[in-house]
Every structure is written in structure tokens, then in C-alpha cells.
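Take a walk through this protein, one residue at a time. Keep the sequence and the 3D view side by side as you read.

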Amino acid sequence: MAKITNPSNPDESGIKKESASQMPLMWTNFILMAIAAAMIIIGFILTSGGASADPEQFNPEVFSTRRIIIGPNLAFLGFIFMGVAIMWPGKKKTAAGN
């Protein structure tokens, strides 16, 4: 027969289990952090560029708007959004379990 334990009390191994209301990060935080990570990766991809065929020849794509404005700004906003995602408040559960 399975033993039912109370999560607020340590079990026989001495490890106290956390309930969902005590977890520092909720499922929403992880989703927002994944979106922020995608923004950062897309920003770095937009900043990078293809290699030129001849390294001695000047490539004007170095100064494109995508590489010097859009990509870095998207990556920067992704880093800011990552901080917001970590500190995003989760929904507090009441004592009645709602």
C-alpha cells in the first residue's frame, strides 16, 4: 500500500518537498524566459552575416540596418525581457487551494 505524505513535512529521507505555491518560478516564468531566449538568439543571428567571397574586397553589407540596428536592439531587448521574465509575479494560490 502506498504511503501518503504531507508535502510540508519532511519524509523519512529528511528532504522537505516544496508545494507549487512555494516554488520561486512558475510555469509562466519559464515560458517568458524561453521567449526572451528566442529573442536573444534571433538578435544574434540578425547581427551575424555571411562571409564574403573575397576577404580583400569591401563588403557594404557590414553597414546594413539589419546588422547594426535591428539585430543588436532585438538582442538587448531580449536580455531586458529575460530579467522581467525572471521577476514576473506568479499567481498566488489561496489556502483553500484555488
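**From a surface patch to a buried side chain**

F76 sits in helix α2, which covers residues 65-87. Keep in mind that this model is predicted. Is F76 buried or exposed? Its relative accessibility is 51%, so F76 counts as exposed; the cut-off for that word is over 50%. Together with L77, I80, V84 and W88, F76 makes up a nonpolar patch on the surface. The accessible area of these residues together is about 500 Å².

Stay in helix α2, where G83 is also placed. G83 has 31% relative accessibility and therefore counts as partly exposed. Now look across to A36. G83 and A36 are 47 residues apart along the chain. Their C-alpha atoms are separated by 8.9 Å.

Next comes helix α1, residues 27-47, which holds N29. N29 counts as buried because its relative accessibility is 2%; buried means under 20%. What does the side chain of N29 reach at 3.0 Å? It is the backbone oxygen of W88, a residue of the nonpolar patch. A polar atom of the N29 side chain also lies 2.9 Å from the backbone nitrogen of M26. Leaving aside residues up to four places away in sequence, N29 touches A85, I86 and W88.

Finish with the rings. A pair of aromatic rings is described by the distance of the centres and the angle of the planes. The count here is 1 aromatic pair. F58 and F63 form that pair, with 6.2 Å from centre to centre. Their planes are 35 degrees apart, and the pair is tilted. Both F58 and F63 are exposed.

Technical notes:
Residues are numbered from 1 along each chain as its sequence is written. This is a predicted model: local features need pLDDT of at least 70, side-chain atom pairs count only at pLDDT 80 or more; totals for chains, interfaces and linings use all residues. Side-chain values use heavy atoms; hydrogens and water are left out. Patches are made of residues with over 30% relative accessible area and no salt bridge: like charges are joined within 9 Å, nonpolar side chains (Val, Leu, Ile, Met, Phe, Trp, Tyr) within 5 Å. Accessible areas come from the Shrake-Rupley method with a 1.4 Å probe; for residues, only the protein chains shown count as cover. A salt bridge is a side-chain nitrogen of Lys or Arg within 4 Å of a carboxyl oxygen of Asp or Glu. Helices (H or I, at least four residues) and strands (E, at least two) are DSSP runs, numbered from the N terminus. Buried means under 20% relative accessible area, exposed over 50%, partly exposed in between (1.4 Å probe, protein chains only). Rings of Phe, Tyr and Trp (its six-membered ring) pair if their centres lie within 6.5 Å; planes under 30 degrees apart count as stacked, over 60 as edge-to-face and the rest as tilted. A polar contact is a pair of N or O atoms within 3.5 Å; within protein, one must be able to donate a hydrogen and the other to accept it, and residues adjacent in sequence count only if both atoms are side-chain atoms. Contact means heavy atoms within 4.5 Å.
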